[in-house]
Amino acid sequence: MARVVVDVMLKPEILDPQGQAVANALPRLGVTDISSVRIGRRIEIEFAGEPNLETAREIADKLLANPVIEDFQIHLDDTVAEGV
Amino acid sequence: MRIGVVTFPGSLDDGDAARAARIAGADVVRLWHGDPGLQGVDAVVLPGGFSYGDALRAGAIARFAPVMETVADAARGGLPVLGICNGFQVLCEAHLLPGALTRNQHLHFRNRDQFLRVESASTAWTNQFTEGQEILIPVKNGEGCFVADERTLDQLEAEGRVVARYTRGNPNGSQRDIAAITNEAGNVVGIMPHPEHAVEALTGPSLDGLGFFTSVLRALAGASAGGQLAGGHH
């Protein structure tokens, strides 16, 4: 089993009202030293055989992220491969 | 004239869109997301709702539906296409229109009657309006905040491709109060509010929505008479 992780984040210039709502709720937890919260999405892709980063990149570019508003980063999660 | 109305899993307003097209005088053909055939329709409406449960992003999965491949090709060839609400999101995801629709700035779902100012009467879907005309149709969305980079926004303005703007209050934080835009050729229009809900006195706040559907019939009549599309921008 091999896993590729795709992290999708809103571009810095795109407003993140969800993150703002979370940041605004933090004082209710007694936390006051946070200046910003931004929320993204983590997607885990399991390959049947060898992980293919190029394929993962294509999936991310065409479907997982919308390039108009989002950036993405891809990395291999080798912690799962160890256990097999 | 035959107007096709697409149904995706999770579409909600396909019935109202079909009804509006029928009231405007069109023959309506119901199209199914899994069938790439357009059955020879003269125009297509992508309705509101939550296609594929808004999984990933609104419109992101619908873009890859078999019917959308055909619709996208036909749209690039001049077929009039109107995307309403979720349909607008699908058109942006399919790169048939620029920009994206994101979570409402205030995070609340907004459902109310909304005034718009028609900014362009030279699209296939708005030729029955006059520029500057104020209309009243329902808006109902959670992810209707139109965003694009400044260059794209400036380009839309410069090319007269902002089709309608919110007036008397912006319901979702859309940049430059944009409620509807069109592509370069003027045949593809995306609009966040719902013209199909404003076609009958019994159920709508006005009859203003009917103009979108009578516009496309007019454009199609002009196209068959003149041999070319009546759309286009100035």
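The structure is a predicted model, where local features need pLDDT of at least 70, side-chain atom pairs count only at pLDDT 80 or more, and totals for chains, interfaces and linings use all residues. Residues are numbered from 1 along each chain as its sequence is written, while chains are lettered from A and ligands numbered from 1 in the order in which they are written.

**View 1**

Chain A has 3 helices and 3 strands; here helices (H or I, at least four residues) and strands (E, at least two) are DSSP runs, numbered from the N terminus. Start at the N terminus and you'll pass them in the order β-α-β-α-β-α. Its radius of gyration, taken over C-alpha atoms, is 16 Å, well over the 12 Å from the globule rule for 84 residues, so chain A is more spread out than a compact globule. That rule is 2.2 Å times the number of residues to the power 0.38. Along the principal axes, the C-alpha trace of chain A spans about 45 × 35 × 15 Å.

**View 2. Chain B is the chain with 5 helices and 11 strands.**

What radius of gyration does chain B have, next to the globule rule for 234 residues? The value is 16 Å, close to the rule's 17 Å, so chain B is as compact as a globular protein of that length. Its C-alpha atoms fill a box of roughly 45 × 40 × 35 Å along the principal axes. Buried residues make up 56% of the 234 in chain B.

**View 3. Here chain B meets chain A.**

On this interface, 11 residues of chain B are in contact with 9 residues of chain A; a contact means that the C-beta atoms, placed from the backbone, lie within 7 Å. The chain B side divides into 5 nonpolar, 3 polar and 3 charged residues. For this count, Ala, Val, Leu, Ile, Met, Phe, Trp, Tyr, Cys and Pro are nonpolar, Asp, Glu, Lys and Arg are charged, and the others, Gly among them, are polar.

**View 4. Nine strands of chain B line up in an open sheet.**

Read across the sheet and the order is β2-β1-β3-β4-β11-β10-β9-β6-β7, with mixed pairing; two strands pair if DSSP finds at least two bridges between them. β2 (27–32) and β7 (134–141) stand at the edges with a single partner strand each, so one side of each has no neighbour in the sheet. On average, neighbouring strands are turned by 25° against each other, direction ignored; the axes behind such angles are lines fitted to C-alpha atoms, for helices over the stretch in contact, and angles run from 0 to 180 degrees between N-to-C directions. Strands β1(B) and β2(B) run parallel and share 6 bridges, and B:Arg2 has B:Asp27 as its bridge partner in β2(B). By contrast, β6 (residues 110–118) and β9 (residues 162–166) of chain B run antiparallel, joined by 3 bridges. One bridge pairs B:Leu116 with B:Tyr166 in β9(B).

**View 5. Helix α1 of chain B packs on the sheet.**

This helix (residues 14–24) touches β1 (2–7), β2, β3 (43–46) and β4 (81–84) of chain B, and its direction makes about 175° with that of β1(B). The buried residues of α1(B) include B:Ala17, B:Ala20 and B:Ala21. Just after the helix, B:Gly25 takes a positive phi of about 115°. As for β1(B), 5 of its 6 residues are buried, so the strand is largely enclosed by the rest of the structure.

**View 6. This is the largest nonpolar core.**

How many residues does this core have? The answer is 76, and B:Ala21, B:Val44, B:Val45, B:Leu91, B:Ile191 and B:Phe213 have the most contacts inside it. A nonpolar core is a set of buried Ala, Val, Leu, Ile, Met, Phe, Trp, Tyr and Cys residues joined through C-beta atoms within 7 Å. Zoom in on B:Val45, and its contacts include B:Ile3, B:Ala21 and B:Ile84.

**View 7. B:Asn86 sits in helix α3 of chain B.**

Is B:Asn86 buried or exposed? It counts as buried, because it has 29 C-beta neighbours inside 10 Å. Its contacts include B:Gly48, B:Phe50 and B:Ala58. B:Ser51 is 35 residues away along the chain, yet the two C-alpha atoms are separated by 7.3 Å.

How values were computed
Contact = placed C-beta atoms within 7 Å. Buried ≥ 20, exposed ≤ 12 C-beta atoms within 10 Å, placed from the backbone. Lists of a residue's contacts leave out its neighbours within four places in sequence.
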